[in-house]
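Work through the exercises below with the coordinates open. Each task is followed by a solution in steps.

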Amino acid sequence: MTTENFSLLQYHVKDGIAEIILDNPPANVINPQMTDEYFQALDAANGDPDVRIILLSGKGKGLSGGVDLKLLDTYGPSEMKAFLARFYVEMIDKVRSLNKPIMAAVHGYAMEGACTLAFACDMIIASSDAKFGYPGVPNLAAPPGMHVWHLQRLIGRMKAAELIYTGKTISAIDADRLGMITRVVPPKDLMSASRELAQEVAAMSPVGLKAARELIYRMENMDFKTVPGTALDAVALAFASDDSKEARRAFVEKRKPVWTGK
């Protein structure tokens, strides 16, 4: 197992899974140092050929209580804008540009910025006790920034408006019903279920995963006339890879493929 030392999060790699665990008690609040360490952990996982998937979680009672409001209270408008631009804009861009999948395991609470951490991931497994919330309007008398973009894309403008205007939390059960997350599991099964799914994904070809992930994000806002050419180009490129050839041989020979990542 590979481990790297950080102050506000834990990072280790085992069986193709890079686990990033937020560890800033008592509520894992997000500040510039945690943001920098999260970026470094993402870079480490992205550059490690032994890592097939990244799994984000939080230590303690929840994923995170969100951005440190006490810290924000010491900032002027320009300082606040600079920090939020790094955490929200640069973080989302970094996550979307990863060359491998990322998923989140959420328990307890995921508030404001923690929602951005989670919903920036490709998949979310949540425990049945988890709650998601955007308390920007009641807590800051300000809009919840990038959350507006994320939330509308996930559940539509009408439901998003209710959660944004009121700051009400949404349970994991309701989040699952609305298609915001991948699945809900009992609290005791959260990490085992998350690692099981991560292992299932990690067993796939790195070439296939990278190509599929790129296509998911490229097609997100694509008009239909552009879709066929983009899809066919992506399939043709992957089809020429050594992993694709190995997949076809393994299927014919009725055996498990051996991936090279090429």
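The exercises that follow concern a predicted model.

**Exercise 1. The cavity**

Task: Find how many cavities of 30 Å³ or more there are, and state which residues line the largest cavity.

Solution. 
- Step 1. The count comes to one cavity of 30 Å³ or more.
- Step 2. The volume of the largest cavity is about 30 Å³.
- Step 3. Its lining is made of Leu-22, Ile-30, Met-34, Thr-35, Tyr-38, Phe-87 and Leu-117.
- Step 4. Sorting the lining by type gives six nonpolar residues, one polar residue and no charged residue.
- Step 5. Helix α1, residues 32–46, supplies the largest share of the lining, with three residues.

**Exercise 2. Backbone geometry**

Task: Locate the cis peptide bond at Pro-26 and the positive phi angles of Asn-28 and Glu-112, and say where these residues lie and whether the latter two are buried or exposed.

Solution. 
- Step 1. Recall the background: most peptide bonds are trans, and most residues other than glycine have a negative phi.
- Step 2. The bond between Pro-25 and Pro-26 is cis, with omega about 5°. Pro-26 belongs to the loop between β3 (17–22) and α1.
- Step 3. Asn-28, not a glycine, has a positive phi of about 55°. Asn-28 is placed in the loop between β3 and α1.
- Step 4. Glu-112, not a glycine either, has a positive phi of about 45°. Glu-112 sits in the loop between β6 (109–111) and α4 (113–119).
- Step 5. Apply the cut-off for burial, under 20% relative accessible area. Asn-28 is buried because its relative accessibility is 2%. Glu-112 has 11%, so Glu-112 is buried.

**Exercise 3. Two buried residues with polar side chains**

Task: For Glu-37 and Ser-205, determine the element that holds each residue, the burial and the backbone nitrogen that the side chain reaches.

Solution. 
- Step 1. Glu-37 is part of helix α1. With a relative accessibility of 7%, Glu-37 is therefore classed as buried.
- Step 2. Leaving aside neighbours within four places in sequence, Glu-37 is in contact with Phe-6, Ser-7, Leu-8 and Leu-9. In this group, the backbone nitrogen of Ser-7 is reached by the side chain of Glu-37 at 3.1 Å.
- Step 3. As a distance check, take Glu-37 and Ser-241: they are 204 residues apart in sequence, and their C-alpha atoms are 34 Å apart in space.
- Step 4. Ser-205 lies in the loop between α9 (190–202) and α10 (206–218). Its relative accessible area is 9%, so Ser-205 is buried.
- Step 5. A polar atom of the Ser-205 side chain lies 3.1 Å from the backbone nitrogen of Val-207. Not counting residues up to four places away in sequence, Ser-205 touches Asp-243 and Trp-259.

**Exercise 4. The nonpolar cores**

Task: Which residues of the largest nonpolar core touch the most other members, and which residues does Val-106 contact?

Solution. 
- Step 1. The largest nonpolar core has 54 residues, and Tyr-11, Tyr-38, Val-106 and Phe-132 touch the most other members.
- Step 2. Beyond four places in sequence, the contacts of Val-106 are Leu-63, Ala-118, Ile-124, Ile-125, Ala-126, Ser-127, Ala-130, Phe-132 and Leu-190.
- Step 3. A second core of 15 residues is separate, and its members include Ile-17, Ala-105, Val-201 and Ala-202.

Conventions:
Residues are numbered from 1 along each chain as its sequence is written. This is a predicted model: local features need pLDDT of at least 70, side-chain atom pairs count only at pLDDT 80 or more; totals for chains, interfaces and linings use all residues. Side-chain values use heavy atoms; hydrogens and water are left out. On a 1 Å grid over the protein atoms alone, a cavity is a set of points where a 1.4 Å probe fits but cannot get out, and a pocket is an open set with protein on both sides within 12 Å along at least five of seven lines; lining residues have an atom within 4 Å of a point. Grid points are joined across faces, edges and corners, and a volume is the space filled by probe spheres set on the points. Helices (H or I, at least four residues) and strands (E, at least two) are DSSP runs, numbered from the N terminus. Ala, Val, Leu, Ile, Met, Phe, Trp, Tyr, Cys and Pro count as nonpolar, Asp, Glu, Lys and Arg as charged, and the others, Gly among them, as polar. Buried means under 20% relative accessible area, exposed over 50%, partly exposed in between (1.4 Å probe, protein chains only). A polar contact is a pair of N or O atoms within 3.5 Å; within protein, one must be able to donate a hydrogen and the other to accept it, and residues adjacent in sequence count only if both atoms are side-chain atoms. Contact means heavy atoms within 4.5 Å. A nonpolar core is a set of buried Ala, Val, Leu, Ile, Met, Phe, Trp, Tyr and Cys residues joined through side-chain atoms within 4.5 Å.
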